[in-house]
Amino acid sequence: MYLEIAEKLRACAQAVNPFTREALAEFFGVGIGSFSQDGPAITYHQSGSHAPISYVLKGTIFFTDTRSIIRGYPRILPASDYTTDRFAATQERNLFRALRDGEVIVEKKEDGVNIRLYKRGDKRQDKYLFATRDVYDGSNPLVSAGIENVRGLGIDYGSQARLLLDKKYLLAYKLADLGYVPCFEMTLPEIETVIPADQPDMILIDVIDPDHQFVDRLEKERIAEDYRLKLIELQGRLVGGSEAGDVYKRLRSLEHLASRDGIEGYVVKGRIEQSDQLFLKVKPASVRDAHRIFSLADLKAVWESVVEDFTAKDLADLDFAEEAMLDYLGTHGRNTRWQVQDFLAGKKPGEEEETDGYVR
């Protein structure tokens with residue numbers, strides 16, 4: 001199903017009316033608890049789900065008032081020999097098919113914040129929004145920036161992205177006017193990342209067309225040139241061969257290249273004829289083993305966001321609460337998971353005050 005997610009989203013727009021958490025959960029066959037709602041925006045969160053569709057549905061936004069759908073940016077997993085996740089093995093198998101019958105490219109992986117620019121479905125509204133993987137308007141707390149009272153300062157990813165586009169890439173808004181969703185990696189020196197950013201920037205990594213399909217590399221290059229956007233670097237293309245041993249050798253060589261060049265790694269993107277885009281990430285050992293440490297203020301800020309977005313019943317399940325916090329923190333690393341587990345052990349999520357069905 002995940003290879004036909006664009007078709008599924010188009011079918012959803014036709015079949016589900018009105019958009020509600022219950023109706024969307026039934027249509028996609030996922031848990032209702034993973035849909036959060038903020039006003040007219042309903043956002044899907046993976047929140048620990050291992051259903052194949054949950055990986056590609058992650059971050060998808062459904063607007064109840066305009067009945068518009070903004071496709072999410074998928075969670076990208078490493079090769080299956082680095083994870084036991086079933087989805088990784090299945091993705092890998094399709095990637096091997098793409099090596100034999102389709103196209104596979106390798107792009108540099110930037111270490112930053114994933115941002116999607118889009119325009120609301122109502123063409124009468126001149127309103128642009130910036131979505132992260134978890135929030136429809138970019139209002140995630142800016143975590144791990146060394147600012148203890150970050151929420152009091154009102155700094156968020158959306159405002160940072162808007163400032164950068166206004167300053168450097170104004171034509172991106174014209175692309176959004178046409179119904180396209182440009183996907184950027186926002187690099188900020190003040191965010192603690194494995195590979196520190198030299199300067200603030202918005203780097204185009206993908207473009208989703210009005211039919212919810214990721215465009216191919218050639219189309220992406222044309223768009224970047226026409227709209228004067230900074231495009232993610234192309235490392236090269238992989239061609240021929242579909243044997244696992246041969247493919248793994250080539251992936252390991254990319255690890256060595258990334259280590260030599262001092263970058264976070266690469267993203268391998270494949271396509272089988274007109275299928276949806278396949279993703280696989282390749283990181284050197286030094287990056288995979290790096291541990292992000294979040295301050296107590298960061299954890300509290302993320303917890304406040306999670307409490308605002310999910311019901312008390314959902315958060316009473318500590319496994320669900322843990323996965324939701326990890327999604328918002330943007331990492332599922334072992335040390336971060338331990339931090340979140342310790343943080344939750346000191347709280348009773350299901351005993352917070354409840355108002356109108358949501359924790360406040």
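**Cavities and their linings**

Colleague: Which strand supplies the largest share of the lining of the second largest cavity?

Modeller: This is a predicted model in which local features need pLDDT of at least 70 and side-chain atom pairs pLDDT 80 or more, while totals for chains, interfaces and linings use all residues. Residues are numbered from 1 along each chain as its sequence is written, and side-chain values use heavy atoms, without hydrogens and water. Two strands, S5 (103–109) and S11 (265–271), each supply at least two lining residues there (strands are DSSP runs of E, at least two residues, and helices of H or I, at least four, numbered from the N terminus). The largest share, three residues, comes from S11.

Colleague: How many charged residues are in that lining?

Modeller: Among its residues are Glu-103, Asp-216, Arg-217, Lys-269 and Arg-271; Asp, Glu, Lys and Arg count as charged, Ala, Val, Leu, Ile, Met, Phe, Trp, Tyr, Cys and Pro as nonpolar, and the others as polar. Beside one nonpolar and two polar residues, the charged ones number five.

Colleague: Which element gives the largest share of the lining of the largest cavity?

Modeller: Helix H4 (86–101) and strand S12 (278–282) each supply at least two residues, and the lining includes Phe-87, Ala-88, Phe-279 and Leu-280. The largest share, four residues, comes from H4.

Notes:
On a 1 Å grid over the protein atoms alone, a cavity is a set of points where a 1.4 Å probe fits but cannot get out, and a pocket is an open set with protein on both sides within 12 Å along at least five of seven lines; lining residues have an atom within 4 Å of a point.
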